Each structure stands twice: as structure tokens, then as C-alpha cells.
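Open your viewer and get ready to click around. We'll go stop by stop, and at each one you'll hear what to select.

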Amino acid sequence: MELNKETIIQYLRERQSEISFFDPDADLHSEEIGDGNLNFVYRVSDTAQPKRSLVLKQAPPYIKILGPDYPLPSERLTYESRALEVYNRFASGAVPAQHYFDSDAAVIVMEDLRGYRLLRDDLIAGKVNQTVPDQIGRFMGCVHSQTHKNNLDSVSVDRYREDFANTVMQSITADYVFTLPFTEHETNFYTDGLEPDVKQLKADEAFFQQAQNLKKVFLTAQQGLTHGDLHTGSIMVKDNSAKVIDAEFAFYGPVGFDIGLYWANYFLSYFSHTGNIAIQSELKAAIAQTWDTYTTGFQMVNASQKSRTLQQIFHESIGFAGMEMLRRVIGAAHVRDIESIVDKEKKLHIETAILKFGIFLVKERHNITTVYELVESL
Ligand SMILES: Nc1ncnc2c1ncn2[C@@H]1O[C@H](COP(=O)(O)OP(=O)(O)OP(=O)(O)O)[C@@H](O)[C@H]1O
Ligand SMILES: [Mg+2]
């Protein structure tokens, strides 16, 4: 059942007793707000009190922007719904409240983050809020540790593995982050003038070996609940509040993948602000702050086990950050932070620096021991 702007109002009315948000006789207005690639996202509001509103997200059984010829299981929304539940349990308020989930129609009805902006937009505008890394670091630290295999009995671990066996989405990420950008593939594109660097990268055996290792970790490490797509477009912010959205890639995997993606997108922002030292130093502070609050939020009773676990997560996060940076420059999905740079020469210069730094992170991750060393290697 594919909903549209008109039919969602009827859909919500028919579920009035389960959702019980709007008055039964309220006049409702709907609009499509989703600008994403995969799913439909709508806002429904009460015409008489427009601030009373909900968001409805529906996953069609295909990729929204490509159409029905490009199938993608709508179960992705079941994983998103389950992740929202776990997130609310361990990090209450860090995600939008979930009002209703319909697995047949692949629909989530959730809190409207009205007035929130995408973190990516703020970073592009040079607005670096130091409470965001604080909150996101704590969110990741809490969720990763509370769902971590070292903190749970085997029955609970098995339950998480089953509940988050999101294999289709996981393998899409594996392809688009770890494999395709480094092969000849029709979805890859990059700036003219970057060919020599890309050629050199593709011939770098040591890099290739490390990329394979990281891919293996990505596919096989079952450590804890991993959001799987935690870039700066999956975080919404307002004043001093940050909320995580879009958990359709959630799986039971290497938790450092979340930190890696988050850091990588701050690094990308850092490079995009080349020439503005003040913003760059705020970004560095934000990256370091994330790790500080992550380690504080990360609870593990046995101190030496906590320290070993965090060390492994740290090194894997750095490697994943490197892979994410590279694929955002030479793979299929680029970021606006970089794509919006109009001066072609400046963009090429910045992208060359991103490639260099991404390769460095992948190859040298074991030799970086503290987050301060990490940001100082920029
Ligand atoms: N709860 C919410 N409140 C307000 N706006 C929201 C909410 N959820 C999503 N949005 C808006 O809709 C956009 C798309 O949402 P989301 O990222 O979940 O969809 P998606 O189709 O999975 O995207 P993608 O193709 O990036 O995976 C977000 O960028 C945000 O602007
Ligand atoms: Mg999504």
C-alpha cells in the first residue's frame, strides 16, 4: 500500500485509536518533506494548530528516486523502527519519539522535529556547536556499550543479532564504501584533474590490503548495535539539542563504523573550510570532544576490558573514517559540503587533500594512539 500526500490523512484517521495524537475531528494538512533518496517522508499537521504535527516515513519496496525497477526490501523500516526502540531505551530523547509502526505498509509515524536543521547544513554554514559532539558522543557511547557483546549474555547477543540481521542494507554499504569506489564502476564519478591521484590509489597494494581488512571487520564483527549511516545528514539540531534520524541501515556490527562516519563528515567539513582557521579549529575541538564523551558514556564494569574494547573501537573508527572520506570524493555518493565549492581549482585542491588524509587514516590507524594525535595529523 503506497501512500501519498492525500491518502496519508485517511491512513492516520483509520488508526486514530492507536496513534491518538490529533483530535478525531481535526482538519489535517499534509506535505512531502523528504529530500532523501530512498523513502517517502511527509509532515501532517492540524490546520487549526499547525504546531501540532507528526512525521510519517514510508519505505516503498524500491529506491524512491530510481523507481520500481530498482527494488529494495521495505523491511529496512522494520530495522529503523527497532533501532528507534533501542535508542529510546538507552538514550532517551536522542531520537524522535516513535508513535506508531506498521510493518505491512512499512510506515513509521514519529515525532516531528519541527524547527530542527540538518547538522550538515549548519556545518556548511560554518556553525559549529560544541554541544552536538557532546550529545552524539554520549548517545553512541551509551547505545554501543549497552548493546555490546562484552556486556551481555549470549542469549541477549543472539537476540540483537536476529533483530538486527539487516543483511541487504549492510551489503549495500559494504559495496558502496569498501569496494566499488576502488574499482571501475559506472556509479563512480570525480572531479576532472583527480585522475592521477585516483590511479595512484588504485595501484596502492598496502591501501588495498587495509581496505580489505576493514571490509572484513564491517561484514563480520558483531560487537553492538550500529546505526550504519551516522553522517551529518542523519543528525538534526536545534539550539542545544541534537537528534539522530534515519536508522534504516542499523545492524549488529562494528560500532566504530558510527564514530568513523561521524568523524569523517566532520573531517570533510574541515577540508571544505580550508582557509578559515577559526572554523577549522572548532571542528577539530568537536572531533576530539566526541571521543571524550563517547568514552565517558561507554559503560563497562571491568576497567581493563573497557580499555581494550575502546582501543579496538578507536582504531577501527579511524579506518572507517578514512574509507568514508575516500568514497565521498571518488564513489557514487558525494557530500554537499564539498560539491557546493564553486571554485573548481579550490575544489580539486581540497579533494586531493581529502584523498591524502583518507589514505593516511586507513593505512596508519594503528599508529594513532589518541584523539588529539588524530586531529593534529590534519
Ligand atoms: N522526525 C523528523 N522530523 C522532521 N524532519 C524529518 C524527520 N525525519 C526526517 N525528516 C526530514 O526528512 C528528510 C529525509 O528523512 P530520512 O533521512 O529519514 O529519509 P531517507 O529517505 O531515509 O533519506 P536517505 O535517502 O538519505 O536515506 C531528512 O533529511 C529531514 O529533513
Ligand atoms: Mg535513509
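Here is the tour, from domains to ligand to a pair of helices.

Keep in mind that this is a predicted model, where local features need pLDDT of at least 70, side-chain atom pairs count only at pLDDT 80 or more, and totals for chains, interfaces and linings use all residues. Residues are numbered from 1 along each chain as its sequence is written, while chains are lettered from A and ligands numbered from 1 in the order in which they are written.

**Stop 1: the domains.** Colour 7-111 as domain 1 and 117-376 as domain 2; such bounds come from an automatic or database domain assignment. Their centres, taken over C-alpha atoms, sit 27 Å apart.

**Stop 2: ligand 1.** Which residues are closest to ligand 1? Select Gly36, Asn37, Asn39, Leu113 and Asp246: they are the closest of the 19 that surround it (C-beta atom, placed from the backbone, within 6 Å).

**Stop 3: two helices.** Now pick helix H9 (205-220) and helix H14 (344-364), whose axes come within 9 Å and cross at roughly 65° (helices are DSSP runs of H or I, at least four residues, numbered from the N terminus; axes are lines fitted to C-alpha atoms over the stretch in contact, with angles from 0 to 180 degrees between N-to-C directions). So H9 is roughly perpendicular to H14 (65 to 115 degrees). To see the contact, show Ala206, Phe207, Gln210, Ala211 and Leu214 of H9 with Ile359, Val362 and Lys363 of H14.

Methods:
Angles under 35 degrees count as roughly parallel, over 145 as roughly antiparallel, 65 to 115 as roughly perpendicular and the rest as oblique. Two residues are in contact if their C-beta atoms, placed from the backbone, lie within 7 Å.
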